[in-house]
Structure formats: C-alpha cells, structure tokens
Amino acid sequence: MSSHIPINLAVEDDLSDVVLRKILPARYEVGVCYNQGGFGYLKKTIHGFNNASKWMPFLVLTDLDRVECAPKLIKEWLPIPIHHNLLFRVAVREVETWVLADRDRFAKFVGIRKALVPVDVDAINDPKECLINLANNIFILAFPGYDSYLTPVMLWFLVR
Amino acid sequence: MIVSHIILKNWRNFQSVDVELGNRVFLVGPNASGKSNFLDVFRFLRDIAKPGGGLQKAISDRGGISKIRCLAARANPDVEMEVSLTEAAAKETLWKYAIGIKQEVRGYRNPYLAYERVWIGDKLILDRPDHDDEKDKLRLTQAHLEQISLNQPFREIAKFFDSVQYMHLIPQLIRYPIAFSGPTIPGDPYGQNFLERVAKTNTKTRQARLRKIEAALFIAVPQLKHLTDIKDESGIPHLEVVYEHWRPKGARQREDQFSDGTLRLIGLLWALLDGDSLLLLEEPELSLNAGIVSKLPALMYRLQQPKKPRQRRQVIISTHSTDLLSDKGIGGEEVLLLSPSAEGTDVTIASSVNEIQDLLKGGLSIADAVLPRTVPKNVHQMELFK
C-alpha cells in the first residue's frame with residue numbers, strides 16, 4: 001500500500017496551486033485541485049470543502065488581500081466549526097508575498113540582484129505589483145523612481 | 001422507454017461497467033476517457049436493430065472486433081453488454097437485452113455470438129445458443145434482434161434501439177455541401193443530410209418545430225427573424241432567415257451564411273424536438289455563447305417534456321463545459337464520471353463518491369465539484385510546451 005497521504009487543494013489561482021504543491025512534503029499526494037479562479041469562488045464553495053473534508057483532507061489557501069487579519073477572514077468565511085481535516089490557510093497579503101520571501105531563488109529566477117528584493121515582504125501592500133515590477137527589472141533600472149517599493153537597499157543600488 | 005441500467009464488459013475503453021441511468025445523463029471525463037465510446041454502445045445496438053443493419057455490419061463498420069474490444073481485456077476477451085429498459089426512471093424493468101460477442105480463434109476470425117438473451121421483466125424468453133444454434137453454428141453470426149421473423153416476441157426492444165438518435169451536427173458539412181458530398185455515414189450522425197431530413201418531415205410538424213426553434217434562436221441571436229425552409233430551383237432544401245440590419249426590410253440569408261453557433265443551435269433544438277426516443281448528444285456546448293450554454297440543461301429539460309404522460313425522453317450528453325454543468329438543477333446522480341486507468345476507464349455515478357456528495361451538499365455545482373477531477377494531473381506542463 002502506498003504510504004502517501006492523499007490531500008485535495010482548493011486555491012484561487014494557478015500560482016497558489018504551484019506554491020502549495022512545492023510546499024507540501026513529498027509524503028502528501030495531491031488528489032484534486034479545485035481551482036476555478038478568484039476568491040469569490042473559494043468563499044462560495046468553502047462550506048462544501050468543509051463538508052467534504054470528513055472524507056479526505058483539504059488544504060484551502062486564499063489571499064488575505066485588504067482584510068485586516070487572517071483569523072477575521074476565516075471567521076467571516078466559515079462561522080461554523082471547521083472540520084479538523086480542513087486546513088484553511090491565508091497568505092498575508094497574497095501568495096506572491098511567499099514567492100518574494102524566498103529572496104535567493106526568486107532573485108536568481110528573474111535574474112536580479114538579491115538585494116533588490118524587499119526584506120520585509122509582509123509590509124508590501126500590493127505584492128503582485130511588486131513581483132511584476134521586479135520581474136521587469138529593466139524598467140525599474142531604466143526609470144528610477146518608477147517603483148513605489150524602493151527600499152533603502154534598492155535606492156542605494158540605483159543611486160550608486 | 002428509457003435505458004435504466006447498463007452493464008458493459010470489454011467494450012472499447014471499458015473493461016467493466018455497471019451503472020444505473022436516469023432520464024438525463026451527463027458524461028464527464030478527461031479527453032480520451034471514453035465519453036463518445038459510451039454513447040457508441042447505444043449506436044451499436046441501433047446498428048444491429050435497424051433495417052439494413054445487423055450484428056456483422058455493426059462490427060465491421062467499427063473496424064472489426066479488435067477495434068471494439070477493450071485493450072485491458074485479457075482472460076475473458078468476450079465483448080458483452082446488457083441493457084435494462086423501463087417505462088420511466090425508477091420503475092420496474094420491462095425488458096432486458098444481453099449480448100456477448102466472441103471472435104473465431106482461427107480462420108477468418110469472424111465475430112459470432114457467445115450468447116444472446118432477452119428477458120420480459122424477470123422471465124427469460126430467449127437464451128441462445130439454443131438447440132438450433134448447436135446444429136448450425138453459422139446462425140450465431142446473426143442476432144435474433146436484427147431479424148423480423150425471430151424478434152417478434154421482443155419487437156419493442158428492436159424498435160427502441162432502432163429509434164435511438166445521435167446528434168453531433170458539424171456546421172461545415174452543411175455550409176460546404178459540395179466539398180463533403182459522397183456517401184453519408186449511416187444514420188447521418190454529423191448532420192450532412194440535416195436539411196433533407198428537415199424537408200422530409202411532414203409539413204405541419206416541420207413548421208411547428210421551425211417556429212419553436214425560431215423563438216429560441218431569436219433569444220440567442222436577436223438579429224435573426226423568420227426561420228423558414230424553402231427549396232431552390234433545383235429542388236434542394238434550404239433554411240432561410242431574415243437578418244435585420246440598417247435597411248428596413250433586412251437581408252435574407254441561407255444556411256451557408258449562418259454562423260457555426262446558429263447552425264449548431266438549430267441542429268440541437270431540432271434533435272430535441274424530433275421524436276421521443278433516446279437522444280445522444282455529443283458536446284452540445286460547441287460554438288455556443290457561454291450564457292446560452294448555461295441555460296441548455298433547463299432548455300433540454302423543458303423539451304424533454306413527456307408527450308405521453310409520465311414518459312420523459314431520455315437524453316445522454318457528453319460534455320466538458322463548466323457553464324453547462326454550473327446549472328444547480330443537475331443532481332449528482334445524473335452525472336457519470338469517467339476516469340481512465342491502465343485497466344480501462346471506470347465509470348462512477350458522481351453522487352456515489354462521498355466527497356462529491358458532500359461538496360454538492362455544501363452548495364457547489366457539478367461544475368465546481370466534479371470537473372476539477374477531470375483535469376489532467378500535469379496540465380501545467382502544457383504552457384511550457386516547446
């Protein structure tokens with residue numbers, strides 16, 4: 001018998017899907033990934049996942065976005081008791097933050113200096129925009145001041 | 001009558017299938033999982049029962065027994081099928097027809113009957129091979145179902161199979177009739193002779209149906225008005241609509257100017273209005289606007305309205321469409337989930353999967369609860385294709 005633990009995912013977008021698969025240890029085997037786009041879908045269907053998690057664990061990942069804090073979002077979405085097999089996780093602010101937090105590999109992947117990647121990623125208000133801007137680093141370097149996420153380190157690189 | 005239960009062994013993708021069917025069945029599954037092959041069972045039975053058909057022709061039209069036998073068939077390689085017919089869903093079985101097909105081990109390797117059985121209710125009324133078959137093996141190359149002189153006690157089954165309809169209208173075949181002239185496929189599954197069939201329908205029925213289609217078409221394409229059928233100088237039938245534009249009178253357009261969606265919708269509605277026997281629909285969502293597709297299940301349900309009391313028409317639909325399956329009126333018991341494996345495709349009723357059942361209870365639609373299961377595992381790799 002396989003020693004893998006089957007688990008289902010429910011996510012907002014493809015990036016969350018990929019990130020979760022990367023994070024999950026090898027002993028987990030992803031069964032079905034429910035990904036129909038957007039947090040509206042997740043919010044609407046979370047009761048279903050809670051229901052169904054008595055048969056198989058579900059890992060739900062959503063972005064916190066503009067909500068104040070994760071517990072508040074969870075309470076709001078699922079005011080009823082959460083089944084212990086439903087792992088409801090919230091990325092602060094967005095799952096893009098998690099990608100940025102892996103500064104080494106992110107910098108290497110998009111081909112920029114590690115120092116250009118912000119350190120305090122949780123403080124970034126719009127991580128998606130930040131990520132896109134960093135990936136388009138040519139523009140940032142070509143038009144200094146364009147980016148609103150200039151950290152002191154980045155600034156030092158630009159004015160050096 | 002409807003097919004209430006089906007058992008398959010070694011039929012194409014399916015090594016073993018045993019499922020109940022209702023008035024409306026949706027087949028969902030990944031590509032090449034066997035949705036069309038499942039529909040083909042009913043076409044196969046029709047091909048045996050129809051005039052000019054027969055067992056041998058039905059098999060040879062499909063390229064021989066090796067093409068219809070499941071690749072996973074090993075120890076017992078017979079192709080077998082059994083269907084139960086009832087008056088309506090959840091009623092007692094009226095008829096049961098079962099057939100097993102073998103292949104000669106040597107010589108021409110022709111297909112022949114391993115058995116053919118018919119039940120009225122629970123009573124077995126035909127059980128072949130019988131005494132005569134033992135004496136003359138050649139008899140086993142034909143089914144009693146295909147022979148009027150022998151199928152009299154169960155003529156109703158033959159009639160039912162013969163009336164099965166399959167519709168998968170391909171707009172290009174209608175739009176470019178000259179390019180696709182030549183012998184048509186028996187039963188005209190792709191609508192090559194669609195216009196002829198419309199023209200051959202009795203005038204009153206035809207006009208009534210076209211009026212109904214026109215009303216639906218007007219909702220989908222508001223510029224279109226007055227759907228009529230006409231014959232040109234050489235007697236070839238056409239469909240004609242008035243396309244409204246800036247000129248006060250509008251322009252007359254024939255089917256060669258219709259859009260793919262218009263033609264598909266006309267074909268679909270015609271098929272739904274035509275007859276009251278089992279209808280097989282292959283991806284009815286093709287070419288249609290998402291908004292219209294989402295209303296198709298409700299529309300089908302209305303058009304399935306019984307002509308005789310308590311006899312709703314049975315429709316079996318294969319689909320990939322999220323919009324179509326988002327209709328909350330579709331129950332888990334109406335959906336067959338096809339999941340391929342090395343041992344052939346498994347067919348499960350969606351509501352029999354506990355997890356799906358609870359997702360549906362939690363307010364998810366079939367599209368949300370079932371379709372993610374049909375997505376290939378490594379679908380992300382598609383975008384990295386070089």
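Trainee: Before looking at details, how many helices and strands does chain A have, and in what order do the elements run?

Mentor: Chain A of this predicted model has eight helices and four strands, and from the N terminus on its elements run β-α-β-α-β-α-β-α-α-α-α-α. Of its 160 residues, 42% count as buried. If you take the contacts in chain A with a separation of 6 or more, residues 24 or more positions apart account for 61% of them.

Trainee: Which residues have the most contacts inside the largest nonpolar core?

Mentor: That core has 66 residues, and those with the most contacts inside it are A:Phe49, B:Phe194, B:Leu281 and B:Leu325. Its largest share, nine residues, comes from helix α9 (residues 260-273) of chain B. Another core, of 52 residues, lies apart from it, and among its members are B:Leu21, B:Ile101, B:Phe154 and B:Val164.

Trainee: What does B:Leu281 touch, leaving out residues up to four places away in sequence?

Mentor: With those neighbours left out, the residues that B:Leu281 touches include B:Leu39, B:Met167, B:Leu268 and B:Leu272, and also B:Met300, B:Val315, B:Ile316, B:Ile317 and B:Ser318.

Trainee: How is a pair of aromatic rings described?

Mentor: A pair of this kind is described by the distance of the centres and the angle of the planes. In this structure the count comes to 11 aromatic pairs over all chains. One of them is formed by A:Tyr34 and A:Phe49, which are 5.2 Å apart from centre to centre with 55 degrees between the planes, a tilted arrangement. This pair links distant parts of the chain, with A:Tyr34 in strand β2 (residues 28-34) of chain A and A:Phe49 in helix α2 (residues 39-52) of chain A, 15 residues apart. Both A:Tyr34 and A:Phe49 are buried, and ring pairs join A:Tyr34, A:Phe49 and A:Phe58 into a cluster.

Trainee: Why is the pair of B:Phe38 and B:Phe42 edge-to-face?

Mentor: The planes of these two rings stand at 70 degrees, with the centres 6.0 Å apart, so the pair of B:Phe38 and B:Phe42 is edge-to-face, given that planes over 60 degrees apart count as such. The two residues are four apart in helix α1 (residues 35-49) of chain B, and therefore about one helical turn separates them. B:Phe38 is buried, with a relative accessible area of 0%, and B:Phe42, at 1% relative accessibility, also counts as buried.

Trainee: Which ring does the charged end of B:Lys96 sit over?

Mentor: The charged end of B:Lys96 sits over the ring of B:Trp119, 4.7 Å from its centre. Elsewhere, B:Arg209 lies over the face of B:Trp270, at 5.0 Å from the ring centre.

Trainee: Which residues are the closest to the centre of the largest pocket?

Mentor: Of the 19 residues that line this pocket, the closest to its centre are A:Leu15, A:Val18, A:Val19, A:Lys22 and A:Val99. About 830 Å³ of space lies in the pocket. The elements that give two or more residues to its lining are α1 (14-23), α4 (95-101), α5 (103-110) and α6 (127-135) of chain A, and α1(A) gives the most, with seven residues.

Trainee: Where does B:Pro129 lie?

Mentor: B:Pro129 lies in the loop between β7 (123-128) and α4 (131-135) of chain B, and at 35% relative accessibility it counts as partly exposed. Not counting residues up to four places away in sequence, B:Pro129 touches B:Ala114, B:Tyr115, B:Glu134 and B:Leu140.

Technical notes. Residues numbered from 1 in each chain as written. Chains lettered and ligands numbered in written order. Predicted model: local features only at pLDDT ≥ 70, side-chain atom pairs only at ≥ 80, totals over all residues. Heavy atoms only, no water. Core = buried A, V, L, I, M, F, W, Y, C linked by side-chain atoms within 4.5 Å. Buried < 20%, exposed > 50% of the residue type's maximum accessible area, 1.4 Å probe, protein only. Contact = heavy atoms within 4.5 Å. Phe/Tyr/Trp six-rings, centres within 6.5 Å; stacked < 30°, edge-to-face > 60°. Lys NZ or Arg CZ within 6 Å of the ring centre and 35° of its normal. 1 Å grid on protein atoms, 1.4 Å probe; cavity = no way out; pocket = protein on both sides within 12 Å on 5 of 7 lines; lining within 4 Å. Points joined across faces, edges and corners; volume = space filled by probe spheres on them.
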